[in-house]
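Visitor: I would like a brisk tour of this structure. Where do we start?

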Amino acid sequence: MKKIYSFVLIIILTGCSKALEEDPKGLIAGNAGLSSQAGLEAALTGAYGSLMVPWESGFTTVSQIAMCMGGDDLTTHPGSNKEEFREFDRFNVSSLNSRMVPIWRGCYKTIQSTTNIINNYNAVLDGNETTIQTIVGEAYFLRALCYYWLTRYWGEVPVIPSEKYTSDLLTLKKSTPAVVYKLIEADLLKAEAWVPNAKRDPGRPNKGSVKALLADVYLTEGGWPLKDVSKYALAAAKAKEVIDNKATYKFDLYQDGYLKIFAGGTSEDVFALFTRGQWSTYNSFYGLSTMPENEGGWSDFFPEINFFNNFPAGTRKDATFSTQFVIKGDTISWQNVTTKHPYYKKFTIQTGQKDTYMSNNPVIMLRYAQVLLTYAEAQARATGIPNEEAYAAIDAVRLRAGLGKLTAGLSGPDFAEAVVNERAWELAGEWNRWFDLIRLEKVEAANANKDPNDLPLSGAITKQKYWMPIPGVDAVINPNL
């Protein structure tokens, strides 16, 4: 399986190379397939599909969580058959770790499909101009999303050229994060112009989704490795546009039960990978993956002990974690389950069969609470002091969590630190913590002084270990990778 998975770039680049040399239109579907509105729509369906179950699984497997175990909010089973999971938590990831492949492979297949659309839409002679622009806008959004995840996970990654490429694509070199981020920004600005205010269905972005992702990108660029602090003002401005127009985009903090957010379909969804039209999807990190063996689960992931202990008490903590389990009629505490850890209640299945491998719950990639916290942090870092609107943003999240308002009169750095902590609690287990620790260069500190019941590190953490190794044979076939 590892050898099969690792050929993703070989397959993509070989196909692209031939198509680009012979005819730059139609890298996947061919000229005929991409010369109509229906053809573009079909290619876009394939682009979404590569991030979900129909094609490459993308962001829908437990790999989505496993790869973020270097953060302090996630760990895995110390025994059992979880070695690939443990590599991420212990910072000794092998290039043959198959858990990296769904995201690596899914993102590049989506990049391939969306590049086809972007390269060919001008040749479409039929169809509705507004609809075609929407299709292309979504393609730009998805391509940016994929490059964003790739460069945050792997750092320097190959960029598939849009223009006619005359050299052998199998010798393509990696691009620096600075180059990749320029492409991400450019794609999102194009998407922002063409994606409409209303989502075409729940599994697609609207203009607010694009702005929210762009705000997140700017916030990340302000930290490591780019450290372009000028981006903080841009992040605050773009997040504020979403907040100011939340009624138009139909976004808001969901108030009718915190756990219901994770079943999807609420006002909290800014962008989610959702069951759609002609085919269905699932994710495999709800259900058995987040249940202890005592309940018949797999214990793929759960929170680290210190993270759980430090989490502020309140209704949000009660909804985030499972701490008691009913086993054959008896109630046992988390200290007495096999792994001696609490578990994530937010990823349990709320309705229907709990102990299932495949859930049709959506994968919520961006939610409105994240937008509010992005604004609050970015505004404070950009100006050096938080304004009333920044306080209002974080306080909205805290009040829903059952906490009081944040202490008034904090300095800019202290306020930003409070927001980072709030992001950890609010987005616990949702893979954001890992990326926050990287951009703020706090990975080492977050992994210091672990509880004895958590996994020990394999050695000292270095900046090199912030990024994953290029998967498998890709790096062997093309030494530039």
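Guide: Start with a term: a residue is buried when its relative accessible area is under 20%. Keep in mind that this is a predicted model.

Visitor: What share of the 481 residues in the chain is buried?

Guide: The cut-off is under 20% relative accessible area. Applied to the 481 residues of the chain, it gives a buried share of 60%.

Visitor: Which residues make the nonpolar surface patch of about 300 Å²?

Guide: One member sits in the loop between strand E7 (343–344) and strand E8 (363–367): Met358. The patch is made by Met358 together with Tyr357 and Trp298.

Visitor: Why does Met358 count as partly exposed?

Guide: Partly exposed covers the range between buried, under 20%, and exposed, over 50%. Met358 falls in that range because its relative accessibility is 48%.

Visitor: At what angle do helix H15 and helix H16 pack?

Guide: H15 spans residues 368–383 and H16 spans residues 388–400. Their axes lie 8 Å apart. The contact includes Leu372, Leu373 and Tyr375 of H15, and Ala393, Ile394 and Val397 of H16. H15 and H16 pack at about 145°.

Visitor: What is the handedness of the crossing where H15 passes H16?

Guide: The handedness describes how H15 passes H16. The crossing is left-handed.

Definitions and conventions: Residues are numbered from 1 along each chain as its sequence is written. This is a predicted model: local features need pLDDT of at least 70, side-chain atom pairs count only at pLDDT 80 or more; totals for chains, interfaces and linings use all residues. Side-chain values use heavy atoms; hydrogens and water are left out. Patches are made of residues with over 30% relative accessible area and no salt bridge: like charges are joined within 9 Å, nonpolar side chains (Val, Leu, Ile, Met, Phe, Trp, Tyr) within 5 Å. Accessible areas come from the Shrake-Rupley method with a 1.4 Å probe; for residues, only the protein chains shown count as cover. A salt bridge is a side-chain nitrogen of Lys or Arg within 4 Å of a carboxyl oxygen of Asp or Glu. Helices (H or I, at least four residues) and strands (E, at least two) are DSSP runs, numbered from the N terminus. Buried means under 20% relative accessible area, exposed over 50%, partly exposed in between (1.4 Å probe, protein chains only). Axes are lines fitted to C-alpha atoms, for helices over the stretch in contact, and angles run from 0 to 180 degrees between N-to-C directions. A crossing is left-handed if the near helix is turned anticlockwise from the far one by less than a right angle, and right-handed if clockwise. Contact means heavy atoms within 4.5 Å.
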